[in-house]
Amino acid sequence: MNIDNFRRAVLIVGLALPMSWTAGSVAAQTARSYGVKVSTPTINQTASSAVLPPGADMVTNSGQSIVVGSLVTAQDAFAIVTGDADATDGSNAVSSATLGAVSLLSGLITADGVVAVASSTIGGNATGSDAEGSSLANLVVNGESVSYPAPNTWMALPGVGYVVLNEQIPTGDGVTTSGITVNMIHVVLQSLTGGGCGLLGCLPGVLTTTGEIIVGSATSSVQ
Amino acid sequence: MFKLRTLAMLAAPIGVVLIASSCDRQPGAVAPGIGKPLAHFQPGNFVCVPVKITGGGRIDYPPEQAEKNPPASHEYETFGAHVMGSGQQDANGVCLADKGALEWVDHRPEMEVNGHPLNLHATEVTFAEVATDASCTDGAVHWGGKLRVQNTGQSDLDFEVWDCDNGEPGRNDGFAISVPAIDYAVQCFTVTPADPTCYLTGGNRQFHPTH
(Lines give C-alpha, C1' and ligand atoms only; values in the text may rest on other atoms or scores of the structure.)
Protein backbone atom coordinates (compact mmCIF):
# COMPACT_ATOMS: atom_id res chain seq x y z
CA MET A 1 0.00 0.00 0.00
CA ASN A 2 1.50 3.30 -1.01
CA ILE A 3 1.25 6.40 1.12
CA ASP A 4 -1.64 7.88 -0.86
CA ASN A 5 -3.77 4.78 -0.40
CA PHE A 6 -2.87 4.72 3.27
CA ARG A 7 -3.97 8.35 3.63
CA ARG A 8 -7.26 7.60 1.85
CA ALA A 9 -7.88 4.65 4.18
CA VAL A 10 -7.20 6.79 7.24
CA LEU A 11 -9.56 9.45 5.92
CA ILE A 12 -12.37 6.97 5.33
CA VAL A 13 -11.98 5.44 8.76
CA GLY A 14 -11.78 8.88 10.31
CA LEU A 15 -15.01 9.92 8.64
CA ALA A 16 -16.87 6.74 9.49
CA LEU A 17 -15.85 6.29 13.10
CA PRO A 18 -17.57 9.37 14.56
CA MET A 19 -20.89 8.02 13.37
CA SER A 20 -20.54 5.36 16.05
CA TRP A 21 -19.01 7.56 18.73
CA THR A 22 -22.26 8.70 20.30
CA ALA A 23 -23.15 7.57 23.80
CA GLY A 24 -25.87 5.52 22.21
CA SER A 25 -23.36 3.23 20.59
CA VAL A 26 -23.63 1.21 23.77
CA ALA A 27 -27.39 1.57 24.01
CA ALA A 28 -28.91 -1.58 25.37
CA GLN A 29 -31.93 -2.77 27.29
CA THR A 30 -32.86 -5.75 29.42
CA ALA A 31 -36.39 -6.94 30.07
CA ARG A 32 -37.51 -10.17 31.66
CA SER A 33 -40.41 -11.33 33.76
CA TYR A 34 -41.96 -14.50 35.06
CA GLY A 35 -44.94 -15.68 37.01
CA VAL A 36 -43.39 -18.26 39.34
CA LYS A 37 -39.88 -19.38 40.18
CA VAL A 38 -39.02 -22.12 42.65
CA SER A 39 -35.47 -23.02 43.62
CA THR A 40 -34.92 -25.78 46.17
CA PRO A 41 -32.46 -28.65 46.36
CA THR A 42 -34.98 -30.84 44.52
CA ILE A 43 -36.95 -28.38 42.38
CA ASN A 44 -35.68 -25.78 39.96
CA GLN A 45 -38.58 -24.45 37.92
CA THR A 46 -39.61 -21.17 36.32
CA ALA A 47 -43.09 -20.85 34.85
CA SER A 48 -44.52 -18.34 32.36
CA SER A 49 -41.20 -16.69 31.70
CA ALA A 50 -40.43 -14.06 29.07
CA VAL A 51 -36.98 -12.73 28.25
CA LEU A 52 -36.31 -10.08 25.62
CA PRO A 53 -33.42 -11.13 23.38
CA PRO A 54 -31.10 -8.53 21.86
CA GLY A 55 -32.73 -6.85 18.88
CA ALA A 56 -36.24 -8.04 19.72
CA ASP A 57 -39.13 -5.71 20.47
CA MET A 58 -41.51 -7.83 22.51
CA VAL A 59 -41.86 -11.32 23.98
CA THR A 60 -44.84 -12.79 25.80
CA ASN A 61 -45.66 -15.97 27.63
CA SER A 62 -48.62 -17.20 29.62
CA GLY A 63 -49.98 -20.12 31.58
CA GLN A 64 -53.53 -20.73 32.78
CA SER A 65 -52.61 -23.04 35.63
CA ILE A 66 -49.25 -23.46 37.37
CA VAL A 67 -48.56 -26.10 39.97
CA VAL A 68 -45.13 -26.62 41.50
CA GLY A 69 -45.34 -29.55 43.89
CA SER A 70 -46.97 -28.51 47.13
CA LEU A 71 -45.12 -25.20 47.06
CA VAL A 72 -47.08 -23.04 44.61
CA THR A 73 -50.34 -22.98 42.72
CA ALA A 74 -51.14 -20.04 40.46
CA GLN A 75 -53.76 -19.13 37.89
CA ASP A 76 -53.63 -17.00 34.77
CA ALA A 77 -50.00 -15.97 34.61
CA PHE A 78 -48.97 -13.51 31.89
CA ALA A 79 -45.44 -12.31 31.25
CA ILE A 80 -44.89 -9.43 28.79
CA VAL A 81 -41.53 -7.83 28.08
CA THR A 82 -40.89 -4.97 25.67
CA GLY A 83 -38.00 -2.71 24.96
CA ASP A 84 -35.93 -0.82 22.51
CA ALA A 85 -32.29 0.14 22.45
CA ASP A 86 -32.13 3.41 20.57
CA ALA A 87 -28.90 5.37 20.41
CA THR A 88 -30.63 8.45 19.02
CA ASP A 89 -33.94 8.84 20.81
CA GLY A 90 -33.25 6.94 24.01
CA SER A 91 -33.87 3.42 25.19
CA ASN A 92 -36.63 1.93 27.26
CA ALA A 93 -37.65 -1.40 28.75
CA VAL A 94 -40.92 -2.40 30.34
CA SER A 95 -41.63 -5.78 31.90
CA SER A 96 -44.75 -7.07 33.56
CA ALA A 97 -45.85 -10.27 35.24
CA THR A 98 -49.45 -10.72 36.30
CA LEU A 99 -51.20 -13.58 38.03
CA GLY A 100 -54.69 -14.33 39.29
CA ALA A 101 -55.16 -16.45 42.40
CA VAL A 102 -51.94 -17.73 43.97
CA SER A 103 -51.26 -19.97 46.94
CA LEU A 104 -47.84 -20.66 48.41
CA LEU A 105 -46.80 -23.33 50.89
CA SER A 106 -50.22 -24.95 51.15
CA GLY A 107 -52.02 -21.69 51.80
CA LEU A 108 -49.50 -20.06 54.14
CA ILE A 109 -49.50 -17.13 51.69
CA THR A 110 -52.42 -16.38 49.39
CA ALA A 111 -53.44 -13.56 47.06
CA ASP A 112 -55.98 -13.28 44.29
CA GLY A 113 -54.16 -10.79 42.07
CA VAL A 114 -50.45 -10.13 41.58
CA VAL A 115 -49.04 -7.44 39.31
CA ALA A 116 -45.33 -6.74 38.92
CA VAL A 117 -44.31 -3.90 36.59
CA ALA A 118 -40.74 -2.72 36.02
CA SER A 119 -39.99 0.23 33.78
CA SER A 120 -36.68 1.82 32.79
CA THR A 121 -35.95 4.75 30.52
CA ILE A 122 -32.84 6.57 29.41
CA GLY A 123 -32.45 9.41 26.94
CA GLY A 124 -33.68 12.92 26.41
CA ASN A 125 -33.71 14.59 29.80
CA ALA A 126 -34.61 11.61 31.92
CA THR A 127 -32.98 8.47 33.24
CA GLY A 128 -34.73 6.28 35.74
CA SER A 129 -36.54 3.13 36.72
CA ASP A 130 -39.64 2.46 38.76
CA ALA A 131 -42.11 -0.20 39.82
CA GLU A 132 -45.24 1.90 39.24
CA GLY A 133 -48.27 -0.27 38.61
CA SER A 134 -47.17 -3.13 40.85
CA SER A 135 -49.77 -4.40 43.31
CA LEU A 136 -51.02 -7.31 45.42
CA ALA A 137 -54.73 -8.02 45.86
CA ASN A 138 -56.24 -9.62 48.96
CA LEU A 139 -52.87 -10.74 50.23
CA VAL A 140 -52.89 -12.91 53.35
CA VAL A 141 -49.62 -13.95 55.00
CA ASN A 142 -49.78 -16.55 57.74
CA GLY A 143 -53.36 -15.56 58.53
CA GLU A 144 -52.66 -11.82 58.50
CA SER A 145 -54.21 -9.61 55.83
CA VAL A 146 -51.63 -7.28 54.29
CA SER A 147 -52.78 -4.29 52.24
CA TYR A 148 -50.49 -2.13 50.14
CA PRO A 149 -47.18 -3.49 51.45
CA ALA A 150 -44.43 -0.88 51.26
CA PRO A 151 -41.38 -1.72 49.15
CA ASN A 152 -39.26 -4.43 50.77
CA THR A 153 -41.73 -5.34 53.51
CA TRP A 154 -40.21 -8.20 55.56
CA MET A 155 -42.30 -10.73 57.45
CA ALA A 156 -41.21 -13.80 59.38
CA LEU A 157 -42.65 -17.18 58.51
CA PRO A 158 -42.01 -19.26 61.62
CA GLY A 159 -40.68 -22.69 60.82
CA VAL A 160 -40.34 -21.79 57.14
CA GLY A 161 -38.13 -18.71 56.80
CA TYR A 162 -39.29 -15.26 55.81
CA VAL A 163 -41.01 -13.39 53.00
CA VAL A 164 -40.20 -10.07 51.37
CA LEU A 165 -43.24 -8.37 49.85
CA ASN A 166 -43.01 -5.85 47.03
CA GLU A 167 -39.27 -6.41 46.89
CA GLN A 168 -37.58 -3.72 44.81
CA ILE A 169 -33.93 -4.01 43.86
CA PRO A 170 -32.53 -1.02 41.95
CA THR A 171 -29.51 -1.35 39.68
CA GLY A 172 -27.33 1.02 37.70
CA ASP A 173 -25.83 4.40 38.51
CA GLY A 174 -28.91 6.43 37.59
CA VAL A 175 -26.98 8.45 35.04
CA THR A 176 -25.67 6.17 32.31
CA THR A 177 -27.45 3.03 33.48
CA SER A 178 -30.67 2.37 35.31
CA GLY A 179 -32.65 -0.72 36.22
CA ILE A 180 -34.94 -2.36 38.72
CA THR A 181 -36.15 -5.83 39.69
CA VAL A 182 -39.53 -6.17 41.34
CA ASN A 183 -40.45 -9.39 43.14
CA MET A 184 -43.96 -9.10 44.54
CA ILE A 185 -43.73 -12.19 46.78
CA HIS A 186 -40.27 -13.51 47.60
CA VAL A 187 -40.15 -16.35 50.11
CA VAL A 188 -36.77 -17.41 51.45
CA LEU A 189 -36.86 -20.97 52.79
CA GLN A 190 -34.66 -21.62 55.78
CA SER A 191 -33.89 -24.55 58.05
CA LEU A 192 -32.13 -24.80 61.37
CA THR A 193 -28.95 -26.80 61.22
CA GLY A 194 -26.56 -27.78 63.95
CA GLY A 195 -27.06 -26.77 67.55
CA GLY A 196 -28.30 -28.88 70.40
CA CYS A 197 -27.44 -29.62 74.01
CA GLY A 198 -24.69 -31.82 75.42
CA LEU A 199 -22.85 -32.33 78.67
CA LEU A 200 -21.08 -29.00 78.29
CA GLY A 201 -24.22 -27.00 77.59
CA CYS A 202 -26.27 -25.93 74.63
CA LEU A 203 -25.14 -24.52 71.31
CA PRO A 204 -27.45 -22.45 69.10
CA GLY A 205 -28.30 -23.72 65.65
CA VAL A 206 -27.67 -21.80 62.48
CA LEU A 207 -30.41 -20.76 60.05
CA THR A 208 -29.44 -21.91 56.59
CA THR A 209 -31.14 -20.84 53.40
CA THR A 210 -32.39 -23.90 51.56
CA GLY A 211 -34.30 -22.33 48.69
CA GLU A 212 -36.62 -19.59 47.52
CA ILE A 213 -39.98 -19.03 45.91
CA ILE A 214 -40.69 -15.93 43.86
CA VAL A 215 -44.14 -15.06 42.55
CA GLY A 216 -44.58 -12.12 40.16
CA SER A 217 -41.17 -10.89 39.05
CA ALA A 218 -40.33 -8.15 36.56
CA THR A 219 -36.94 -6.75 35.63
CA SER A 220 -36.00 -3.86 33.37
CA SER A 221 -32.77 -2.01 32.73
CA VAL A 222 -31.31 0.38 30.17
CA GLN A 223 -27.98 1.93 29.32
CA MET B 1 -4.33 13.29 12.71
CA PHE B 2 -5.83 16.06 14.78
CA LYS B 3 -7.07 17.73 11.60
CA LEU B 4 -8.45 14.44 10.32
CA ARG B 5 -10.33 13.84 13.57
CA THR B 6 -11.69 17.36 13.55
CA LEU B 7 -12.82 16.89 9.97
CA ALA B 8 -14.45 13.62 10.87
CA MET B 9 -16.26 15.12 13.84
CA LEU B 10 -17.65 17.83 11.57
CA ALA B 11 -18.58 15.36 8.86
CA ALA B 12 -20.65 13.14 11.14
CA PRO B 13 -23.43 15.61 11.94
CA ILE B 14 -23.50 16.77 8.32
CA GLY B 15 -24.03 13.17 7.28
CA VAL B 16 -26.85 12.79 9.77
CA VAL B 17 -28.52 15.93 8.49
CA LEU B 18 -28.21 14.75 4.89
CA ILE B 19 -29.71 11.35 5.69
CA ALA B 20 -32.51 12.84 7.75
CA SER B 21 -33.39 15.38 5.09
CA SER B 22 -33.60 12.65 2.47
CA CYS B 23 -36.64 11.14 4.20
CA ASP B 24 -39.72 11.82 2.12
CA ARG B 25 -42.53 13.25 4.24
CA GLN B 26 -46.01 12.51 3.02
CA PRO B 27 -48.49 14.47 5.10
CA GLY B 28 -52.16 13.86 5.06
CA ALA B 29 -52.24 10.07 5.13
CA VAL B 30 -55.22 8.60 6.90
CA ALA B 31 -55.83 5.24 8.49
CA PRO B 32 -58.67 2.89 7.69
CA GLY B 33 -61.90 4.49 8.79
CA ILE B 34 -62.70 2.67 11.98
CA GLY B 35 -63.51 4.33 15.27
CA LYS B 36 -65.23 7.64 15.77
CA PRO B 37 -64.27 11.30 15.68
CA LEU B 38 -62.28 12.29 18.73
CA ALA B 39 -61.16 15.46 20.46
CA HIS B 40 -57.60 14.56 19.58
CA PHE B 41 -56.36 12.29 16.83
CA GLN B 42 -58.80 13.96 14.47
CA PRO B 43 -59.03 12.50 10.97
CA GLY B 44 -56.90 14.60 8.66
CA ASN B 45 -54.52 15.61 11.40
CA PHE B 46 -51.99 12.92 10.74
CA VAL B 47 -48.68 12.82 8.91
CA CYS B 48 -47.08 9.79 7.36
CA VAL B 49 -43.48 9.95 8.52
CA PRO B 50 -40.98 7.47 9.88
CA VAL B 51 -42.01 6.60 13.42
CA LYS B 52 -41.53 4.14 16.21
CA ILE B 53 -43.23 3.91 19.61
CA THR B 54 -42.44 1.24 22.16
CA GLY B 55 -43.13 0.10 25.71
CA GLY B 56 -46.00 -1.21 27.76
CA GLY B 57 -47.54 -1.04 31.16
CA ARG B 58 -50.81 -0.88 33.02
CA ILE B 59 -54.06 1.06 32.76
CA ASP B 60 -56.71 1.19 35.47
CA TYR B 61 -59.97 1.49 33.61
CA PRO B 62 -62.57 2.38 34.67
CA PRO B 63 -62.56 4.97 36.16
CA GLU B 64 -60.65 7.39 33.97
CA GLN B 65 -57.96 8.59 36.32
CA ALA B 66 -54.23 8.52 36.79
CA GLU B 67 -54.47 6.61 40.07
CA LYS B 68 -54.60 2.87 40.49
CA ASN B 69 -57.88 1.24 41.42
CA PRO B 70 -57.88 -0.82 44.63
CA PRO B 71 -55.97 -3.99 43.78
CA ALA B 72 -58.83 -6.17 45.03
CA SER B 73 -61.12 -4.66 42.40
CA HIS B 74 -59.06 -6.23 39.61
CA GLU B 75 -60.09 -3.27 37.48
CA TYR B 76 -56.99 -2.94 35.35
CA GLU B 77 -55.40 -3.91 32.08
CA THR B 78 -51.77 -4.73 31.29
CA PHE B 79 -50.13 -4.65 27.90
CA GLY B 80 -47.05 -4.51 25.73
CA ALA B 81 -47.09 -2.76 22.37
CA HIS B 82 -44.80 -1.38 19.74
CA VAL B 83 -45.04 -0.26 16.13
CA MET B 84 -42.60 0.96 13.56
CA GLY B 85 -43.25 2.62 10.20
CA SER B 86 -41.01 4.11 7.58
CA GLY B 87 -43.47 6.70 6.31
CA GLN B 88 -44.60 4.88 3.19
CA GLN B 89 -48.16 5.02 1.90
CA ASP B 90 -50.06 2.45 -0.14
CA ALA B 91 -52.18 3.29 -3.19
CA ASN B 92 -55.14 4.12 -0.92
CA GLY B 93 -53.15 6.61 1.10
CA VAL B 94 -52.84 4.34 4.12
CA CYS B 95 -49.65 5.00 6.03
CA LEU B 96 -48.09 1.58 6.25
CA ALA B 97 -46.51 0.03 9.32
CA ASP B 98 -43.36 -1.97 8.80
CA LYS B 99 -43.85 -4.10 11.88
CA GLY B 100 -45.49 -4.10 15.25
CA ALA B 101 -46.95 -6.14 18.05
CA LEU B 102 -49.63 -5.90 20.69
CA GLU B 103 -50.37 -8.10 23.68
CA TRP B 104 -53.29 -6.94 25.78
CA VAL B 105 -54.71 -8.53 28.94
CA ASP B 106 -57.90 -7.20 30.53
CA HIS B 107 -58.05 -8.40 34.14
CA ARG B 108 -61.50 -6.99 34.92
CA PRO B 109 -63.79 -9.74 36.25
CA GLU B 110 -66.63 -8.54 34.03
CA MET B 111 -64.42 -9.05 30.97
CA GLU B 112 -63.40 -12.62 31.75
CA VAL B 113 -63.92 -15.25 29.10
CA ASN B 114 -64.53 -18.74 30.44
CA GLY B 115 -63.10 -17.68 33.78
CA HIS B 116 -59.88 -16.23 32.39
CA PRO B 117 -58.74 -12.69 31.60
CA LEU B 118 -59.53 -11.41 28.12
CA ASN B 119 -56.33 -11.72 26.08
CA LEU B 120 -55.90 -9.94 22.75
CA HIS B 121 -52.93 -10.68 20.50
CA ALA B 122 -52.12 -8.73 17.34
CA THR B 123 -51.51 -10.94 14.33
CA GLU B 124 -50.73 -8.08 11.98
CA VAL B 125 -49.97 -4.39 12.34
CA THR B 126 -50.84 -2.60 9.14
CA PHE B 127 -50.83 1.16 9.66
CA ALA B 128 -49.11 3.79 11.79
CA GLU B 129 -49.49 7.52 11.47
CA VAL B 130 -48.30 10.38 13.63
CA ALA B 131 -50.98 12.61 15.12
CA THR B 132 -50.33 16.32 14.89
CA ASP B 133 -53.21 17.51 17.08
CA ALA B 134 -52.54 15.45 20.20
CA SER B 135 -51.19 17.27 23.23
CA CYS B 136 -48.48 14.72 23.86
CA THR B 137 -45.15 16.39 24.45
CA ASP B 138 -42.97 13.75 22.85
CA GLY B 139 -45.32 12.38 20.23
CA ALA B 140 -48.54 10.54 19.47
CA VAL B 141 -49.29 7.71 17.09
CA HIS B 142 -52.50 6.21 15.75
CA TRP B 143 -51.92 2.66 14.63
CA GLY B 144 -53.61 -0.69 14.25
CA GLY B 145 -54.18 -3.84 12.28
CA LYS B 146 -55.64 -7.27 12.95
CA LEU B 147 -55.81 -9.25 16.17
CA ARG B 148 -56.94 -12.54 17.61
CA VAL B 149 -58.92 -13.11 20.79
CA GLN B 150 -56.76 -15.75 22.42
CA ASN B 151 -59.58 -17.00 24.64
CA THR B 152 -61.98 -17.76 21.79
CA GLY B 153 -59.82 -18.00 18.69
CA GLN B 154 -61.72 -15.22 16.93
CA SER B 155 -59.24 -13.75 14.49
CA ASP B 156 -58.75 -11.16 11.77
CA LEU B 157 -60.48 -8.56 13.91
CA ASP B 158 -59.67 -4.94 13.14
CA PHE B 159 -58.18 -3.00 16.00
CA GLU B 160 -56.84 0.49 16.42
CA VAL B 161 -54.70 2.08 19.05
CA TRP B 162 -54.19 5.68 20.17
CA ASP B 163 -50.78 6.02 21.66
CA CYS B 164 -49.35 9.02 23.53
CA ASP B 165 -45.85 9.67 24.87
CA ASN B 166 -46.23 12.59 27.23
CA GLY B 167 -42.65 12.72 28.47
CA GLU B 168 -41.31 11.21 31.65
CA PRO B 169 -42.33 9.58 33.88
CA GLY B 170 -44.53 7.08 32.09
CA ARG B 171 -47.60 7.79 34.20
CA ASN B 172 -48.14 10.89 32.09
CA ASP B 173 -48.42 8.76 28.96
CA GLY B 174 -51.65 7.53 27.42
CA PHE B 175 -52.97 4.54 25.56
CA ALA B 176 -56.34 3.46 24.21
CA ILE B 177 -57.59 0.53 22.17
CA SER B 178 -60.73 -0.32 20.24
CA VAL B 179 -61.86 -3.60 18.68
CA PRO B 180 -65.21 -2.76 17.07
CA ALA B 181 -66.10 -6.29 15.96
CA ILE B 182 -66.41 -7.45 19.55
CA ASP B 183 -67.62 -4.09 20.83
CA TYR B 184 -64.55 -3.75 23.00
CA ALA B 185 -62.84 -0.49 23.84
CA VAL B 186 -60.68 0.96 26.60
CA GLN B 187 -60.86 4.68 25.95
CA CYS B 188 -60.93 7.73 28.19
CA PHE B 189 -62.56 11.03 27.32
CA THR B 190 -62.58 13.12 30.49
CA VAL B 191 -59.38 13.02 32.53
CA THR B 192 -56.96 12.07 29.82
CA PRO B 193 -53.61 13.12 28.36
CA ALA B 194 -55.05 13.17 24.84
CA ASP B 195 -58.50 11.89 23.97
CA PRO B 196 -59.20 9.02 23.81
CA THR B 197 -56.12 7.76 25.61
CA CYS B 198 -56.21 6.65 29.23
CA TYR B 199 -53.41 7.46 31.64
CA LEU B 200 -50.88 4.75 32.27
CA THR B 201 -50.79 3.72 35.91
CA GLY B 202 -47.55 1.81 35.34
CA GLY B 203 -44.97 1.34 32.63
CA ASN B 204 -44.01 3.76 29.91
CA ARG B 205 -44.49 4.66 26.25
CA GLN B 206 -41.49 5.98 24.33
CA PHE B 207 -41.87 7.80 21.04
CA HIS B 208 -38.91 7.63 18.68
CA PRO B 209 -39.11 10.31 15.99
CA THR B 210 -36.16 8.80 14.17
CA HIS B 211 -35.00 5.25 13.83
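Analyst: A residue is called buried if 20 or more other C-beta atoms lie within 10 Å of its own, exposed if 12 or fewer do, and partly exposed in between, with the C-beta atoms placed from the backbone. The model is predicted, so local features need pLDDT of at least 70 and side-chain atom pairs count only at pLDDT 80 or more, while totals for chains, interfaces and linings use all residues. Residues are numbered from 1 along each chain as its sequence is written, and chains are lettered from A and ligands numbered from 1 in the order in which they are written.

User: Why does Leu189(A) count as buried?

Analyst: Leu189(A) has 20 C-beta neighbours inside 10 Å and therefore counts as buried, since the definition asks for 20 or more. Leu189(A) is found in strand S15 (residues 178-193) of chain A, where a strand is a DSSP run of E with at least two residues, a helix is a run of H or I with at least four, and both are numbered from the N terminus.

User: Which residues does Leu189(A) touch, not counting those up to four places away in sequence?

Analyst: Two residues are in contact if their C-beta atoms, placed from the backbone, lie within 7 Å. With residues up to four places away in sequence not counted, Leu189(A) touches Thr40(A), Val160(A), Gly161(A), Thr209(A), Thr210(A), Gly211(A) and Glu212(A). The C-alpha atoms of Leu189(A) and Gly159(A), 30 residues apart along the chain, are separated by 9.1 Å.

User: What makes strand S4 (residues 72-84) of chain A largely enclosed by the rest of the structure?

Analyst: Eleven of the 13 residues of S4(A) are buried, so this strand is largely enclosed by the rest of the structure.

User: Which strand do ten bridges join to S4(A)?

Analyst: Two strands pair if DSSP finds at least two bridges between them, and ten bridges join strand S3 (residues 58-68) of chain A to S4(A), the two running antiparallel. The bridge partner of Ile66(A) in S4(A) is Ala74(A), and the hairpin of S3(A) and S4(A) has three residues between the strands, with Gly69(A) in the turn at a positive phi of about 50°. S4(A) also pairs in the antiparallel sense with strand S5 (residues 91-99) of chain A over seven bridges, and Gly83(A) stands opposite Ala93(A) in S5(A). Three bridges join S4(A) to strand S6 (residues 102-104) of chain A, again antiparallel.

User: Which residues touch the most other members of the largest nonpolar core?

Analyst: A nonpolar core is a set of buried Ala, Val, Leu, Ile, Met, Phe, Trp, Tyr and Cys residues joined through C-beta atoms within 7 Å. Of the 98 residues in the largest one, Val36(A), Val114(A), Ala116(A), Ile185(A), Val215(A) and Val141(B) touch the most other members. Strand S6 (residues 118-131) of chain B gives the most to this core, with eight residues. Among the residues that Val36(A) touches are Ile66(A), Ala74(A) and Val215(A).

User: How many residues of chain B are in contact with chain A?

Analyst: 40 residues of chain B are in contact with 40 residues of chain A. The largest share of the side of chain B that touches chain A, eight residues, comes from H1(B). By class, this side of chain B has 14 nonpolar, 20 polar and six charged residues, where Ala, Val, Leu, Ile, Met, Phe, Trp, Tyr, Cys and Pro count as nonpolar, Asp, Glu, Lys and Arg as charged, and the others, Gly among them, as polar.
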